[in-house]
Every structure is written in structure tokens, then in C-alpha cells.
Amino acid sequence: MTDTLFLFASIASAPIAIRAREIEAVVRLGDIVPIPLVAAHVRGLAALRSRVLTVIDMEARVFGTDGRGHQAGLAVVADIAAHSYGFLVDSVSDITQAPGGIQPIRGRIDPAWAPYAGGLVERDGRSHLLLSLGDFVSAPGTTALAA
Amino acid sequence: MDEILGEFIAETLETLDVLSGEVVAWEADPTDSSRLDAFFRFFHTVKGSCGFLNLPRFERLAHGAEDVLAAVRRGERIADPATVTAVLAVMDRIGALARSIGGDEQVPESDDDALLDALAVSSGGFEIFAPLPDPIGRDEAPVEEEEDELRVEAPASETPQRPAVATVQPTGNRERAPRTIRLPLALIDQLMNGISDMVLARNDLARKMRDHGVDPDLESSFERLSANVADLRDMISKTRMQRVDRLYAAIPRMVRDLTRELGKKATLDLDGGDVEMDREMIEMVVDPLTHIVRNALDHGIEAPADRLAAGKSEAGMLTIVARQSGNQIVIEISDDGRGINRAALVDKAVSAGLFSTIEAASLTDAEKLNLIFHPGLTTAAQVTSISGRGVGMDVVRANIEQIGGVIGITSIAGRGTTITMRVPLTLTIIPGLIVRCGELFFAMPRGNVVELLHQNSSMVSIETIGGARIATIRGERHSLIELEDVLGRPRAEQTGPRTLMVIRSSSGQPYVLGVQAVESNEELVIRPASPVITAAGVFAGMTLPDNGQPMLLLDAAGLAQVAELPLRDADVRRAPAAAPDTQARAETIQALIYRERDGTSRLLPLAVVDRVEDLAAAQIVASDGLAFTRIEDRLLPTLNTSGAESASVKSLRLHDGQDQICYLIDDVVDIIEVPAKLDVRIGAGRIAGLVMVGEAQLEMIDPFMLFAEAARRRGGDDATRPIQCLIADAEDPWMRTILAPLLVQAGHEVRFGQASEGAPDIILCAQASAAHSAGDVPVIALRDSAEPGATAPGSIYRYDRDTIMAAIAQAVRRVA
């Protein structure tokens, strides 16, 4: 049942969906402390009360860009392998049921998105790309292989 | 039901842990019925609970063991080793079964019969499945729940409440154990996080209050709240601490089993079980400790016949001591076995191609011993199932170093080996230095920092050779790297000099790290950093200081690696005569450079210096050519006085573990590392020898001579014996109410009465007269006017405390 509950958001004006069981909260982040010597999609550290989040820029990860230029706002908080992360998203629309469940991808998807897209989820007649947060902290595809 | 079952499993496993040590003690002294009761209760409890929980296998095993123990209690059977082994096997099986309920692992049931047979066989012909003892036979076991034990025999009448009561018994009845409750660790972690949140909120509030300005009334309320929060945080941190006893619990059993297997004998002595350390830390230390104990039994302690031949007692002695030393826990494992065979180690190392025979000859003893930590080297002639597979001490050292600890070894051939592990009190809270790097801040564990210097200090010279930067500090060359370069950050403009940190890490040579500035020194709660961060290779963890800004903890070894500094192994090959690893650094000692009052700079081993203090001139009392300093009503012998002191003077308080002396100096200059071996030995008077320090050579003071000198002055053995003071005028109220308490405070013993009684060291009286004197015991007369009158020559004014104290010390010395 819970598997049909999704968070709907957008990154780089693409509509995405994340399984609700993967996420803990959506928060607006304060200051982000940058970290030297790490991959460009690792934006830095942010404090969420007494927790320290590693902030991941999903857009930068997908497109390989350096996201440090633009403003960080909303973040999806999740614990993955005992570490807390914040995943930056542009906007969040809703957390709701998608009765249709996960559909296979139709059409030829942008190669940048391909390693991350796990299917399509429909909401209000619009398709959303299903992403798994675990893919964004490890090398893409490795979690899928391991599973 | 599941909950009760889970509780049962947890209780059972925990009780087993506690009991495994007891069972060995019981074997050593089978007459100790209190121990027997503990086991009896355990099996009894298990049996009772299983009946209720419908676990027939547990019940059958527990019943068998209980019967045997009952027979022992009745005196029908003795606790011979075979019996103990059989009982232990049943305990193990119960443990395995309990664990298998939790997991999927299955223990074949058929094996149970073998265990029960073992119980029967070892019974030596007695009827073991005899009915439980009648009440008369059990009077040597005064345990409250005897009634319960009786009723166990009626399984049909089991009531639901009974097992629940019974499960509490094993812990509840142990009079030594403090009352405890069981809490899930997750709850404690949550609690800890909650407190951290509270601290952050408090800091935030404090900042806002500072910015806005609030009235003092509100501020004092806030202060109180703030102090409470701080206390609470300290208390919560303590919940993470556990007694080292937990670490010890499994050792007696292990020693017993191993000695049996190896055909050796050993007595085990565990000390310091009440020392507390972080529970995570305990878990990290279990494996290394187990390994070292195994090694000690397998390789250290000889077979009984060999021991007797070597003139030792048949049973080896294995001692494990834990103690707290500052913010470290020291665990020492010593055996009195054959010691480590250096020659065999060196042979192995040579045949493994680590160095040539010639190079091996130049190794110091400590270097040879440290070879034992080298991967793949073992002195074991043959590989046994217990140890000697070559995966050994190198792994142990790696594990200890991984948690920020240090491991050291000393060994005397034929006399035994001592291995010392020093580990931090806790993994999660470490003292750290906050360094600035542009607008970013990083933390460096203080344990890695040897010293801090300003770049423009006269002790430092920096040169660039072929692109490599070298910092020479007091004649020692170190690689120099800049934090900004390693992290790929721009160097910020700065006005003041940069700070150099001399860093030591477990994996390489010490190096110098240049940073923009060292901001502060804080206790940091360290959490693991996520893999995407540790992938950078220079961060060991992250922390959230009280200002709420996350910060990363630098990894000293990682920085060296990223900067591609030469590693330890490479250095060994290039300079085999040099220290093969950091352990050999123990060959240096820390020494204090100070300036004598005549202006000469000299060295003193830092270990004997207790503190540096300023003494007021009035504190120093010179009498009869000797000087003493009064510190808290004790008189410490004082060296280097220049007659009557007129101004306050700097003093080093030296201690030899028992006595203290004051050593007056002009000023303290620096603390440095010097070789433990002197460059030139002199051994004349106070000077032990010469040490090369940079461009100069300094005289090293011999503390032995200082203390010997002070002891000579003090005279006799009075340093250890309190001075017996006799107050002759027992009726004098001043003597009784003012003087006597003063003398007692100063550590003297005071009696009242006549001189003829006892043998006082000194007599104090209002007026010296023949009546008071007793042989050659010195008499001090105290007058009540400040000016010396003609009536009492040589008397001391009664409120001239310093002179009185000095006179007592001096008079006694004269007698001695």
C-alpha cells in the first residue's frame, strides 16, 4: 500500500516522483557549508537541528553541471545507510497516492536521466519520472545491481 | 508473547555473560556455595521460564544441569573439572539456542543428548536424575526463592506470573550489582540528539539575548537554565559509558578453555573492572584484547614442565589491568612467560626481505620488538589453531590505531611480556583544534598535533628545494604542506603570520601543516561523515559545534596521502637505521628548556615537572642555609635560593611521585623532544650530561641528584614519618586551640603532656625551662610579644608562623 505513496517534485523543470517510504521530511535549508575536494554535486553540509546533512544537488548529479551558482532552497531529507542527506529540489507539489503505480518508461529518455529513471508515475494526468535517492549518493546503477 | 520471549532471550544471554566468569572461579574454589547458587538460579530460572514459554529443549537441558548442581550442593558430588566442563557445555548450548530463536540458525536437537550424557558420565556413578533435594539438604543455600525452587517440580501448576518473577532473579539477587534497567540503545541515542538540539537552541537564544540586550533578571534565569542544560548533557554522555567489567566478562572462560586445550596452567588476575569507557570503544577493544590474551597463553606462557625447569611456578600468571589516565584508558596485559624471541623475529624479517642481516644488526631492541607488529611476522614455530597464523599483531595494531589508540610492547626474555593499549575514553567526543581556511573552518584532532608554532618563529626555517617545501624546526626537517593547497582553496589575504602545526599520524612521518590560523580549542562530538565526503580522503568525520555551523574533521594521515608525502614504508627502505615506525619515537623524551637564575639555559626532563608557579617572596623561608617554601602549610625543600628573596620568583615544582621540591628559576623557555640517550654523559653534581639542541648544546639536569640533595637536607626518614610534636603546656589555651590545629594541618602529630612521656621529635612550650627538656630533644619556646625580650633569648614570636614551621623542620633535621 505504502508503495503507491509518492512525493511529487521538480528538478530542472522536470517533474519527478520519489517513493514516500524513502524520505523523511522536506525542509527549507539554512546555510550550506561547502566541502572542498568532493564531487561537484555534493553541495556541502547543512545543520538540521542537531543533525548534519550532506547536501546533494540532484540536478548537478544528473547533468554533471556545477550547481554551486544557484540558490539552494528546499531539500528532501533522507537517511541512507545510516547517514543523513538533504537532496535539493526546485519545488515540491504534493505527497499523494498514485493508484496507477509504477509504469514502464515510454519514449526515448535523455541519456543524462537514463541511469536514474526507474519508471513513470502518473499524477493528475501528468507523468513523473520515478527517482531513487540511493542512486544519487552512490555510483548510478550500483544500487539497482545490488538489489 | 513475542515481547516476553525477547526479554527472556536478552536476560538469558546477559546472565550467561556474567556467569561465564563466575564458573571458572567456582572451579577454582568448589566449596564456594554462593557461586553455586548463582548457577543453580540461572538454570532454575531458564527452566521455569521455558515451561511457560513452551521451549522443551531449554527445559530439558536446564533440568539436567540443575540436577547435577543440586547433587553438588548436597555434597553427593564434587565439582571436578569434568563436571564443570559439562555444565559449561550446557550453558553454551542454552546460549546458542537462545540466539537461534532470535535468528534463523538451527542447532540440531540430537546433540543435546550428548551434552546430557556428558553430565551423567562425569557424575562418577551417582544417580544424577535423582529427585530434587529435600528441604533439609538445602540449608547451605540461604536464598530467598527457595520456595520457588521447590515448586518447579510441579510443571502442571505453572502460573503465568512465575516466570516473569523468576527472570528478574539472577540480576535482582546479585547483591554486588547495582540496580539497572534495560533500555534500547536507539532511545539513548535519541536522548543524546535531543539534548544536542537543546544545547543548540540555548546557544541561539544566548546569541539573540546578547544582540538585543535583556534585563539582568531575565539573564540570571537564563543562566540557571543554561547551567542545567550543560549538566544534563554531561549526564547523558555518561549513559554511553560502561564498566570495563563488560570487556572482562568473557576472559576467564576463554583462559580456562585455552589452558585446557593447550595443556597449560595459568592464573588470571583482572583489575580495574570499575573503570568506565564508551560502549562503542569497548566493542572496538574486544577483538584486540582477545587476540593478545590468546597470544599470551599460546606463545608467552610455557608448558608446566618447562616453567618448573625454568624455576617458575607451574601456573603462569596473566594479569590484565585497566586504568584511566587523563582522557585515555590504558589496558595492560602482562604474562610471566618466556618473553618474545627477538632473534626469531629478526630472522623472519630478514628472510621476508624487510632488510639485510647487516641492517638488522643495527636495530635497537625496541625496533626488534616492534617487528612483531609487522604484517606476516610471527614467532610461532608452528601454526596452531589458537594463534600464529601471521594475521596477528599487525591487525591488532591497525585496529587500535584506527580508533585513535596506541599500542606498545615490552618484553624481557624468560620473564614475560607486557602489552599496553592506550585508547581514547570515547570515540565520539575528542578535543580538537579549530583551524581557519578562508571563510571555512576545519577541526584537527588534538591528539595528532605535536606542537603549534608561528611561521615567523625563530625556531623555524623554511626552504624550498626542487619544489618540495621543508620546514626545519630545531634541527629536525619536516615536509611542509599548506592546508589551502591540499584542499584546493585559494589562499586568503592575511596580515598576521600563518600558523604551523606539527602533525603526527599513525601511517607516516610527522609533517608540518601550515594553516591560516588556529581559532580555538574545543571538545567536539564527532559523527561519521557520509561516503561521498570521505571519498575525498582528507576528512575523518564531521561535527556540529555549539555555533550550529557544521564542520569537517581533518584526517591527518589522509592529508599526507593526498599531498603525496613520503610514507612510512618508503622511509624504512631508504633509511633502515632510522626508526621503522612511530613506536621507536618512544626513544625520545620531552624536556623543558628553562633559564637558571644566573642566565644559563638548561634542560630538565618534563616528566618530573609538576607545575610552574610564581612564589611570593614571603613564601620562601631561609633558615640555617637551607630554604623551604611554604605551600598550603607544607614546607617544600627549595633549591637555588639567593639569600633572602625580595621579589616574587618563578619556581618549578618537581615531583618524584612521592616528594615535591621547588626549584627556583628565572624563566621557562620552551618544551622540546630530546633523545632519551644523552649526547655526552657528565654525571657531575646536578648535571647529567649534554644534549644537542639545534645549534647549541644544553646541560641536562639530573633530577635524581636534585631529589637526593633535597632528601639529604631534609634528613633522615622524616619525609615519610610525621613529626611528633609535644606541647608541654597542655593548659595554655593558645597552644591548645591555635597552635595544635595548625601543626596537625601541616601534617605533624601533636601530643600534650610532659616531655618524659614517649619520644617526641620536638617540644613546644611557652617558656623554655629545664622542666621541659628531655635529653637532646630540641625545644622551641614561643613568646607572646612580637619583640624579642631579654627574658627569652632564642624564642620565636607565636604568630610568626613561617619561622615556627621552619624551626620545627630544621630542629628535627638536626636530630636526624
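**Strands, cores and a chain contact**

Student: Which residue stands opposite Ile80(A) in strand 7 of chain A?

Tutor: Ile80(A) stands opposite His83(A) there. This is a predicted model, where local features need pLDDT of at least 70, side-chain atom pairs count only at pLDDT 80 or more, and totals for chains, interfaces and linings use all residues. Residues are numbered from 1 along each chain as its sequence is written, while chains are lettered from A and ligands numbered from 1 in the order written.

Student: What makes residues 83-89 of chain A a strand?

Tutor: Helices (H or I, at least four residues) and strands (E, at least two) are DSSP runs, numbered from the N terminus. Strand 7 of chain A has 7 residues, so it passes the cut-off for a strand.

Student: How do you know that strand 6 (residues 74-80) of chain A pairs with strand 7 of chain A?

Tutor: Pairing takes at least two DSSP bridges between two strands. Strands 6 and 7 of chain A share 7 bridges, in the antiparallel sense, so they count as paired. Their hairpin has 2 residues between the strands, and Ala81(A) takes a positive phi near 50°. Strand 5 (residues 51-57) of chain A runs parallel to strand 7, with 4 bridges, so this is a pair too. Here Val55(A) has Gly86(A) as its bridge partner.

Student: Why is strand 7 of chain A called mostly covered?

Tutor: A residue is buried if 20 or more other C-beta atoms lie within 10 Å of its own, exposed if 12 or fewer, and partly exposed in between; C-beta atoms are placed from the backbone. In this strand, 6 of the 7 residues are buried. Over the 147 residues of chain A, 34% count as buried.

Student: What makes a set of residues a nonpolar core?

Tutor: The members are buried Ala, Val, Leu, Ile, Met, Phe, Trp, Tyr and Cys, joined through C-beta atoms within 7 Å. The largest such core has 78 residues, and Phe87(A) and Leu554(B) touch the most other members. Strand 1 (residues 5-11) of chain A gives the most to this core, 5 residues. Apart from it lies another core, of 54 residues, including Leu603(B) and Phe628(B).

Student: Which residues does Phe87(A) contact beyond four places in sequence?

Tutor: Among them are Ile56(A), Met58(A), Leu133(A) and Phe136(A). Contact means that the C-beta atoms, placed from the backbone, lie within 7 Å, so these residues meet that limit.

Student: How many residues of chain B are in contact with chain A?

Tutor: There are 22, and they contact 17 residues of chain A. Helix 8 of chain B supplies the largest share of that side, 4 residues. The side divides into 13 nonpolar, 6 polar and 3 charged. Ala, Val, Leu, Ile, Met, Phe, Trp, Tyr, Cys and Pro count as nonpolar, Asp, Glu, Lys and Arg as charged, and the others, Gly among them, as polar.

Student: Why are strand 2 (266-271) and strand 6 (406-412) of chain B at the edges?

Tutor: The sheet is open, with 5 strands in the order 2-4-5-7-6 (chain B) and mixed pairing. Strands 2 and 6 of chain B each have a single partner strand, so one side of each lacks a neighbour in the sheet. Strand 6 pairs with strand 7 (residues 416-424) of chain B over 7 antiparallel bridges. In that pair, Ile409(B) stands opposite Ile419(B).

Notes: Two residues are in contact if their C-beta atoms, placed from the backbone, lie within 7 Å.
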